[in-house]
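I opened my notebook to look up a few things about this one. Here are my entries, in the order I made them.

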Amino acid sequence: MAEFCYCGDMNQFSATGLTCMRGGRVVFSKLDFEVESGRALLLVGPNGSGKSSLLRLMCGLARPVAGAIAWNGEAIDDNPEQHAARLNFVGHLDAVKPSLTVAENLADWVDLRGDGDVARGLARFALRPLAEMPARLLSAGQRRRLALARIAASPAALWLLDEPTVVLDRDSVAALEAAIDDHLDRGGIVVLSSNVDVGLRDPIVLRIDDFTSVDDALLDGPA
Amino acid sequence: MVRRELRLAFRQPGDAAAVLIFFVLATVLFPFGIGPEANILARIAPGVVLVAALLAAMLSLERMFAADFEDGSLELLALLPIPLEAIMLAKALAHWLTTGLPLLVAAPLMGVLLNLPDAGYAPLIAAMALATPTVSLIGAVGASLVLGARRGGVLICLLVLPLLIPVLIFSAGAVDAAMAGFGAKQHLLLLGGLLLGALVLCPWASGAALRQAME
């Protein structure tokens, strides 16, 4: 199994003055963060505080109303395709095709990304025994492992994980923690949102609710 | 990308088969409704075949992006290092291969059933070869616009069918002109023009709609 490496270059993922609106409501405003190679950023906050919204901004799936997100000082909007090539995203939905087998689901992804290693992804989340099983027979936890196997299969410097541990059993959480540690060791960056404890090494903690509510009344009032 | 779409389609052959069966059934209903008089059937054959094919194609449009939207695959596709417009083109091509092409193959058989005159077959096939990809492209725009809406299937028809009226007019016109002894060339050239226009505008429109749906 080949190890992917991003060593050598130090990367920096940062944002300044981010404001996000959904449905006319300010979710958070003036949010800043900065994270460098080898570090993890942990997003915490109650339900609805904007953890998922922030992760979608970080992917480029949504645009902030104000502020900018940058990779090594270069705004991600300038070249969305280049940004997409350097990130792996796991959202709330597992994006698993029920009619394909586990291995086929993963192979499709690797094909589309044009880079990666199916066997590596399967091994990382103990999916090898399930490789030939149609994905429609998987349990919720197994489907989530398959979604996570994608990030282990294809190389990308930036991992954006939205509540990845929700349906996982203890062994799978441990496998995820090990995968994250490996990724950080190789100079990757991880951004993870979670309401439960995930064993991250020395994470930078970002409390999203620190950036909510204050301006809410102001911005909501006149509108 | 096209390979992925085709593989998914072949795993669920029911969807493509339903379109084809609807096309055949809808066409077969006309002789029953209108009566077996050969002259009348010959006169209406081009229009009936084309309208039935158009309606059959509508059936398949809703699922074009909906499945990927619901299970989250669309987000992952949008995060591939290729433009969303290229993904949409690949999807439209796969849709044409699984829907338009079977309809194209079945259309001459339906022509036989409706007593289509000999002169009509070549222009019917040519017109459908140009019209079906246009339907896939414009349909893809409709399918991406209704993502997240309830009763998306009905909405697609309302959005897309009016836009496809020119395609229908020139397709039927090509066959009629050939049957009347005039050349079908002008109609076919216009159909080709519509296809090229759709090829340029639809990916852009669909890409914008998909981005909107995912925000």
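How many residues of chain B are in contact with chain A? I am working from a predicted model here. I looked up the contacts and found 18 residues of chain B touching 20 residues of chain A.

Next I checked which parts of chain B supply that side. Two elements of chain B give two or more residues each to the side that touches chain A: α1 (2-11) and α5 (73-78). The most comes from α5(B), with four residues.

I noted 10 nonpolar residues, three polar ones and five charged ones.

Then I turned to chain B as a whole. What does its secondary structure come to? I find 10 helices and zero strands in chain B. Reading along the sequence, I wrote the pattern down as α-α-α-α-α-α-α-α-α-α.

On to overall dimensions. Along the principal axes, the C-alpha atoms of chain B fill a box of roughly 55 × 35 × 30 Å. I compared the radius of gyration of chain B, 18 Å, with the value near 17 Å that a compact globule of 215 residues would have, and the two agree.

How much of chain B counts as buried? I get 47% of its 215 residues.

Last entry: contacts within chain B. I took those with a separation of 6 or more, and 81% of them are between residues 24 or more positions apart.

How values were computed: Residues numbered from 1 in each chain as written. Chains lettered and ligands numbered in written order. Predicted model: local features only at pLDDT ≥ 70, side-chain atom pairs only at ≥ 80, totals over all residues. Contact = placed C-beta atoms within 7 Å. Nonpolar A, V, L, I, M, F, W, Y, C, P; charged D, E, K, R; others polar. Rg over C-alpha atoms; globule rule 2.2 N^0.38 Å. Buried ≥ 20, exposed ≤ 12 C-beta atoms within 10 Å, placed from the backbone.
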